[in-house]
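Please have the viewer open as you read.

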Amino acid sequence: MDIMEQTDSLPERIVVGVDGSDHSIAALRWAAEEAVLRHATLLIVSAWHMPVVAYPAGPTGIFLDPGPFETEAKRLVDDAVAQLRVDLGDRALTVETTVVYESAATAILERSEHASLVVIGSRGRGGFASLVLGSVAVACIHHCRVPVVVVHDAGHLPGRGDVVVGIDDSSGARAALRWAAIEAVRVGQRLVVVHGMELPDTMPQGAAGYGPLLEDSFKEVGERLLEVTAMKELADLAERPEIETRAVALDAVEALLVEAENAGLLVVGSRGRGGFAGLLLGSVSQQCVHHARCPVVVVPEQSS
């Protein structure tokens with residue numbers, strides 16, 4: 001494993017933030033494995049800042065030496081690199097590191113501008129146990145212009161299960177579908193295309209309505225339409241994964257969470273069909289990031 005200063009030597013770069021928490025360690029492992037698969041550079045970011053109470057406030061103000069704070073941030077990076085050497089063995093990976101004086105969210109967002117992927121833990125070192133997502137994760141999934149992977153624990157690594165993607169007829173879902181298909185090929189896994197829809201409690205009969213559209217009928221017709229849609233959207237890809245379609249008679253969030261129960265990765269668009277233009281993150285993607293057990297990728301509309 002090569003360790004070097006930050007450069008622009010490779011066209012593809014994966015950014016991961018570390019802060020010493022279990023969730024950031026899980027994110028680091030996932031990011032490293034993905035970087036090996038992509039032959040990409042892994043940029044490890046550690047941010048530090050001084051507590052507000054550490055600054056002088058007049059003649060009686062308290063001042064703390066900033067040196068130990070920066071030293072600790074550097075130690076976290078050194079420990080991360082050392083752990084990668086153990087985890088990866090003799091597999092090749094180019095690693096860059098940076099330690100910066102600013103907030104963690106700002107540090108990652110700024111470096112994501114020249115990255116193809118951002119990987120973060122669901123909670124940082126300062127997160128309350130009751131919070132599903134930490135503030136850095138929230139900032140990244142709302143504001144990054146590249147796909148963001150949120151990793152909840154170390155139990156999942158790339159290529160360890162199906163790639164599940166939720167789609168509707170929105171541009172965000174189409175971007176997510178293409179990203180998921182390319183990733184499924186990369187990791188050698190099946191692509192499971194899911195669409196959820198709650199059936200009405202009562203449905204009209206006869207020619208004036210939809211006819212006797214029961215759950216089995218919905219599933220059969222829906223999966224056929226999903227297959228046609230997927231083939232059309234992915235027709236220009238040089239290589240396509242094995243694809244399975246699943247139309248599920250549940251609301252979109254529940255359908256995705258159920259289908260991704262044993263998946264290796266869940267991919268969602270940043271906004272679906274019902275999202276207002278002013279919202280950076282739709283309700284489906286937000287709920288999936290909060291509640292899915294596997295890593296979740298939020299794909300912005302411009303990604304493919």
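1. A word on classes before we start: Ala, Val, Leu, Ile, Met, Phe, Trp, Tyr, Cys and Pro count as nonpolar, Asp, Glu, Lys and Arg as charged, and the others, Gly among them, as polar. With that, the lining of the second largest cavity comes out as 4 nonpolar, no polar and 3 charged residues. Please keep in mind that this is a predicted model.

2. Which residues line that second largest cavity? They are R29, A32, E33, L84, D87, L88 and L157. Both α1 (22-38) and α2 (67-88) supply at least two residues each to this lining. The space inside is about 40 Å³.

3. Around the largest cavity you will find W30, L157, P158, G159, R160, G161, V163, E183, V187, G264 and L265. Sorted by class, this lining has 6 nonpolar, 3 polar and 2 charged residues.

4. Now to the cysteines: how many disulfides does the structure hold? The count is 0. C144 takes part in none, and its nearest cysteine sulfur, in C140, lies 4.4 Å away, while a disulfide needs two cysteine sulfur atoms within 2.5 Å. C144 is also buried, at a relative accessible area of 9%.

Terms used. Residues numbered from 1 in each chain as written. Predicted model: local features only at pLDDT ≥ 70, side-chain atom pairs only at ≥ 80, totals over all residues. Heavy atoms only, no water. 1 Å grid on protein atoms, 1.4 Å probe; cavity = no way out; pocket = protein on both sides within 12 Å on 5 of 7 lines; lining within 4 Å. Points joined across faces, edges and corners; volume = space filled by probe spheres on them. Helix = DSSP H or I, 4+ residues; strand = E, 2+ residues; numbered from the N terminus. Buried < 20%, exposed > 50% of the residue type's maximum accessible area, 1.4 Å probe, protein only.
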